[in-house]
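Colleague: Please take a close look at the surroundings of the ligand, and then go through the other local details that can be given with distances. Give the cut-offs as you go.

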Amino acid sequence: MGTEGKDIKQPKPLPAPNSDFYEFAETLPAEELAIVKKVRAYMETKVAPIINKYWAEDSFPFELLPSFKELNIAGLGLEGYGCPGGSPLLVGLVAMEMARTDTSMATFWGVHTGLAMESIYLVGTEEQKQKWLPPMARMEKIGCFALTEPLVGSGTAGGLTTTAKREGDTWVLNGQKRWIGNAPWCDISIVWARDVDDNQVKAFIVENKTTPGFSVEKIQNKIALKVVQNGQITLKDVRVPDENRLQGGKGSFRDTALVLRGTRHGSAWEATGLQMGAYENALKYAQERLQFGKPIGSFQLVQELLAKMLANIVACQCMVARSVQLETEGKLNDAQAALAKAFCTSKARETVSWARELLGGNGIVVDYNVARFFADAEAIYSYEGTYQMQNLIIGKAITGFSAFV
Ligand SMILES: Cc1cc2nc3c(=O)[nH]c(=O)nc-3n(C[C@H](O)[C@H](O)[C@H](O)COP(=O)(O)OP(=O)(O)OC[C@H]3O[C@@H](n4cnc5c(N)ncnc54)[C@H](O)[C@@H]3O)c2cc1C
């Protein structure tokens, strides 16, 4: 029988996956929302199509750098010195947005802008900021942050073994640094070393490519954040002029802690974005994948998994949104930043494991994206201070007792 003249009932279009369920981005002023949308479009059109290949190959997509520079987000949140400025909420949402497509790219950006540039911004003198920040904002010089050592990770506050010895107007650095993101190819390292004279930790700007005694080996065979190039740095009688010592802070580990407070909070945003990416990919898969003749998304147990993922995401979004309000008011303390980092990264592990489960066998194949989020969650759970270290910071603040050692 023909259908001419009859109304054919079209199936209702399925809802598009949307992990901004409580409309956080809408709380931004229009000009900042436009920046988040620009980053989203960039990540979806330029990064998403190629990133799995780079992830599988353990390599960094240098082909993206020219267009990445045009986003003008290096130094986001920093005022002056050629930096684009912007509110703490914007910085967080951009980190979240990048991680929603790829956490390695968010980390590459976070290391350059949050760790390296912010060290100079927070601990440098006016002259040092004038000299180093503009080329870093233009991404002519890319930075890294060298704190962790092969034998000292969680215990950096009291145990750094890399030494700095002053000889007149020069400092001589010796030691090794491990896990340093961007180090195998970037231009500038912020190296944290213990001054042998006063036993305090100080930061030095070292030019990677031109400083004798500075060498980097790429860390091979990682299973997470494979696009980020991590390096093991060796400093052998590296001579740095005193003008490259960051001199605008306290000249102690309190400077390091100041930088880490902000970036720890940044990893909470990344962990939130990573969950959003895993959830959206899993939801799309659930809408398309048929079993027993029906989309798996129509099964109650699958819907429960998706609802639990979304609840984790919204809980993390609420937490980072409130902590960014505290940050904007200059009130965010170490324990609050630590709680956000610990909670969001642990929820990320849970969310990605549900997403992986929902994809069945395809959940362990990188081509379906979820496997990449699944693996990358492991790295952000440990970097910027492990889950245990964050909880010790929180524990000390709430009980009054330090349980670090
Ligand atoms: C992908 C990636 C990127 C990184 N990028 C950088 C970077 O750019 N720059 C940089 O400086 N560092 C970087 N790091 C290093 C990172 O910050 C460290 O890995 C982290 O601080 C943990 O140190 P560790 O790996 O030496 O582990 P360890 O300190 O050896 O810890 C091992 C385990 O022991 C636990 N533990 C240690 N002490 C205690 C305690 N007192 N109580 C209870 N449990 C404890 C830890 O929680 C952990 O579970 C990166 C790491 C990774 C994985």
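Modeller: A polar contact is a pair of N or O atoms within 3.5 Å; within protein, one must be able to donate a hydrogen and the other to accept it, and residues adjacent in sequence count only if both atoms are side-chain atoms. On that basis, an N or O atom in the side chain of Gln388 is 2.8 Å from an oxygen atom of the ligand. The model is predicted, so local features need pLDDT of at least 70 and side-chain atom pairs pLDDT 80 or more, while totals for chains, interfaces and linings use all residues. Numbering starts from 1 along each chain as its sequence is written, and side-chain values use heavy atoms, without hydrogens and water.

Gly181 places a backbone N or O atom 3.0 Å from an oxygen atom of the ligand, and a polar backbone atom of Trp179 is 2.9 Å from a ligand nitrogen. On its own the ligand has 970 Å² of accessible area (Shrake-Rupley method, 1.4 Å probe), and the protein covers 66% of it.

The shell around the ligand (a heavy atom within 4 Å) has 18 residues. Phe145, Thr148, Ser154, Thr386 and Gln388 come nearest. By class there are nine nonpolar, eight polar and one charged, with Gly counted as polar. At least two shell residues come from each of strand 3 (170-181), helix 10 (370-382) and helix 11 (387-399); these are DSSP runs, H or I of at least four residues for helices and E of at least two for strands.

Next is Lys202, in strand 5 (residues 201-207). Beyond four places in sequence, Lys202 is in contact (heavy atoms within 4.5 Å) with Trp171, Val191, Trp192, Ala193, Asp195, Arg245 and Gly251.

Last, the cysteines. The structure holds zero disulfides (cysteine sulfur atoms within 2.5 Å). For Cys316, the nearest cysteine sulfur is that of Cys344, 3.7 Å away, and Cys316 is in no disulfide. Cys344 is likewise in no disulfide, with the sulfur of Cys316 as its nearest. Cys316 is buried at a relative accessible area of 0%, and Cys344 counts as buried at 0%.

Notes:
Buried < 20%, exposed > 50% of the residue type's maximum accessible area, 1.4 Å probe, protein only.
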